[in-house]
2 protein chains.
Amino acid sequence: VYKKVEHEVIEMVKMTKSVGRDPRRIIHSIKVALAITLASFFYYFKPLYDSFGASAIWAIITVIVVFEFSVGATIGKGLNRMIATILGGALGFGTHYLANLCGDKGQPLILGALVFVVAAIASFMRFFPSMKARYDYGLLIFILTFSMVAVSSYRDDEVLKLASDRFLTIVIGSFIAVSICIFVCPIWIGNDLHDQLVNNVENLATFLQEFGAQYFRSSQGVEQVNKASMHKYKTILTSKQSEESMANLARWEPGPRKFGFRHPWKQYLNISSSARECAYRVRVLDVYLENNDQIQIESQFKEEFLRMCKESAKALKEVAMAIKKMAPPALASAHIERAKATTENLSSLLANHRFEGLEMIPTATLVSLLIDLLCCIEKVADCTRE
Amino acid sequence: VYKKVEHEVIEMVKMTKSVGRDPRRIIHSIKVALAITLASFFYYFKPLYDSFGASAIWAIITVIVVFEFSVGATIGKGLNRMIATILGGALGFGTHYLANLCGDKGQPLILGALVFVVAAIASFMRFFPSMKARYDYGLLIFILTFSMVAVSSYRDDEVLKLASDRFLTIVIGSFIAVSICIFVCPIWIGNDLHDQLVNNVENLATFLQEFGAQYFRSSQGVEQVNKASMHKYKTILTSKQSEESMANLARWEPGPRKFGFRHPWKQYLNISSSARECAYRVRVLDVYLENNDQIQIESQFKEEFLRMCKESAKALKEVAMAIKKMAPPALASAHIERAKATTENLSSLLANHRFEGLEMIPTATLVSLLIDLLCCIEKVADCTRE
């Protein structure tokens with residue numbers, strides 16, 4: 001038993017270390033704790049407590065629920081919560097007023113029916129794609145506040161006081177969360193998306209570089225190829241959903257350091273999806289040569305392949321730099337032109353070469369795949385230019 | 001202005017229709033409304049109201065927050081919320097007891113310090129991958145309940161009553177949500193995942209079928225090719241994240257109709273990721289032939305290509321059936337063997353054929369890509385057998 005516990009503890013420490021390697025996570029945890037402590041001053045200081053009483057708990061709840069890792073997510077949740085609370089509260093109060101008109105017996109029936117209808121409609125609206133992307137949390141809070149105000153109005157006549165206290169404390173809680181999120185080491189999701197896109201394009205370039213070095217370099221100077229950095233491109237293959245949600249959150253962020261408020265996040269998704277098309281080809285190339293390890297390619301082809309990989313990689317690096325600096329990729333087209341020249345050389349070599357038996361299959365396949373990849377790279381560069 | 005409003009309304013109706021095409025969404029909305037109505041009986045009936053008082057609001061809040069589209073998600077959230085509430089409440093009560101020992105002056109200091117430390121640690125733990133996948137919501141509620149009980153204990157001496165009332169109402173709310181979710185037209189996320197996997201593999205098979213018909217059928221009998229169903233495979237390319245979260249949620253579900261409790265959802269993810277590898281190749285094939293529309297392939301090759309596509313498609317269909325019925329794919333290997341025989345025919349045809357100039361590039365490329373694809377299909381079949 002002792003050994004097992006020891007093992008568990010060691011695992012735990014390892015996990016903590018690996019999670020804590022990103023210092024932003026530690027900072028985030030401290031920020032959350034700080035915001036909760038700030039919000040709980042409503043309890044500790046008597047003058048503050050006297051003005052809100054037990055409703056002050058909503059400030060603490062709001063801070064905890066609204067505080068997210070990135071500024072965009074926190075602002076989005078805070079705004080959603082505030083707007084939904086005021087709308088839900090107002091509608092709930094209206095329902096209370098309407099039900100009051102119907103006398104003691106009708107009141108619960110009217111209340112129940114209205115709550116049922118509003119809750120069903122709002123739940124259904126959560127499925128609308130445009131709502132789901134940015135206002136899902138708001139609709140949830142709308143249902144919540146509306147039901148709370150409408151239902152509790154049946155027993156509690158101070159429903160207006162309840163609704164307004166709840167709204168005020170939620171506004172205060174949201175402000176505490178958003179301000180700490182923005183003013184203490186902010187984490188802008190827009191920056192993250194930007195960096196991730198740059199990284200993705202750079203990883204593709206790295207793959208092509210290492211790939212060329214591994215398979216097409218002349219046998220004299222065999223260098224060690226870095227397999228790990230070569231395979232970093234794999235994350236792009238499946239990053240679509242996370243990028244889309246990042247772009248959705250980034251739209252909540254006011255212009256941070258580098259970007260304007262109306263930064264074209266949609267353009268990012270376009271570049272990213274054309275980079276993903278590149279990655280599919282890269283994946284096929286990668287596995288193709290891994291499975292056909294002992295294929296023989298004549299050295300004259302190898303040279304051209306190597307040059308083509310190098311030029312394509314350079315073009316991608318240019319694109320990555322251009323995204324980083326948000327300038328048009330000036331030199332990328334020159335590299336693409338040079339890579340295209342190589343494909344012409346390759347074609348004429350192929351046309352004049354006499355192959356034995358099945359020898360030409362790998363060479364011909366590589367030519368097609370690399371030409372195809374080049375088209376994709378050109379599209380990435382075009383997207384970036386816009 | 002009138003025209004604009006009319007346009008908006010028409011858009012709205014269109015949107016509603018397209019969202020409502022899935023009747024499960026309408027049913028879900030009604031289920032949510034029903035659960036809220038049930039929970040609000042705590043207010044409408046005096047005997048029920050007398051036992052909980054204003055704490056009954058937590059039952060309504062719980063129903064709204066816990067109720068999700070699928071059974072797995074609802075159970076997961078309900079369990080998380082209940083367990084986190086009892087743990088957070090217990091720890092909060094302990095903190096209250098400890099702070100009470102320190103006298104009037106020390107109390108807020110001790111409370112503040114403990115809340116700060118616990119909130120920071122729990123926030124940090126939310127980053128652990130194993131926690132994030134299944135207990136993220138629980139950790140949030142833990143922080144929430146702990147802070148609520150600990151902080152409000154400073155002003156309210158009935159903290160034990162508060163904590164136990166909150167816990168009881170949350171249990172009741174969770175039970176209402178989970179039972180309505182399970183007993184009224186349940187939506188099992190496990191079934192969805194299962195169906196999606198079957199669909200994905202079937203879409204790949206459809207692509208190969210239509211692809212063969214479009215490019216390799218002899219010119220006499222040109223059939224209309226269904227482009228839309230041909231391109232359905234595209235969803236597989238980017239479905240990884242949604243499948244992983246579905247598998248995580250499915251693990252909360254008790255054995256529904258067809259599956260056991262310990263259904264191997266991990267195996268599903270394996271099959272799915274090998275199907276995704278197929279899809280990358282399919283994507284490259286698709287774009288390759290689209291870009292090279294006028295390529296000439298000799299009719300003897302076309303026949304073999306067509307046969308190969310057909311056999312591969314049949315093998316994939318077998319696999320899809322096998323997943324559907326949860327039986328080993330008996331006939332898949334026979335189809336794969338036949339497809340392999342075709343590749344041998346193709347190789348010998350290629351070896352003996354004399355090509356002019358660059359003519360052999362497309363044929364050789366197609367051979368390599370199809371062989372590569374066949375390897376992937378074999379892997380899918382192997383995964384399914386396990």
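These notebook entries record what I looked up in the structure, which is a predicted model.

**Entry 1: helix 15 of chain B**

I began with helix 15 of chain B, which covers residues 265-291. I checked its length against expectation: at 1.5 Å a residue, its 27 residues should span 39 Å, and I found its end C-alpha atoms 39 Å apart, which agrees. I then looked up its burial. Of the 27 residues of helix 15 of chain B, 21 are buried, so the rest of the structure largely encloses this helix.

**Entry 2: helices 9 and 10 of chain B**

I next examined how helix 9 (residues 136-152) and helix 10 (residues 159-183) of chain B pack. Their axes lie 9 Å apart, at an angle of about 155°. I noted their crossing as right-handed.

I then listed the residues that meet. Helix 9 of chain B contributes B:Ile141, B:Leu144, B:Thr145, B:Met148, B:Val149 and B:Ser152.

**Entry 3: A:Pro362**

Finally, I turned to chain A and located A:Pro362 in helix 16 (residues 360-385). Is A:Pro362 buried or exposed? Its relative accessibility is 9%, and buried means under 20%, so I recorded A:Pro362 as buried. I also looked up its separation from A:Lys17, which is 345 residues away along the chain. The C-alpha atoms of A:Pro362 and A:Lys17 are 46 Å apart.

How values were computed
Residues are numbered from 1 along each chain as its sequence is written. Chains are lettered from A and ligands numbered from 1 in the order in which they are written. This is a predicted model: local features need pLDDT of at least 70, side-chain atom pairs count only at pLDDT 80 or more; totals for chains, interfaces and linings use all residues. Side-chain values use heavy atoms; hydrogens and water are left out. Helices (H or I, at least four residues) and strands (E, at least two) are DSSP runs, numbered from the N terminus. The expected span of a helix is 1.5 Å times one less than its number of residues. Buried means under 20% relative accessible area, exposed over 50%, partly exposed in between (1.4 Å probe, protein chains only). Axes are lines fitted to C-alpha atoms, for helices over the stretch in contact, and angles run from 0 to 180 degrees between N-to-C directions. A crossing is left-handed if the near helix is turned anticlockwise from the far one by less than a right angle, and right-handed if clockwise. Contact means heavy atoms within 4.5 Å.
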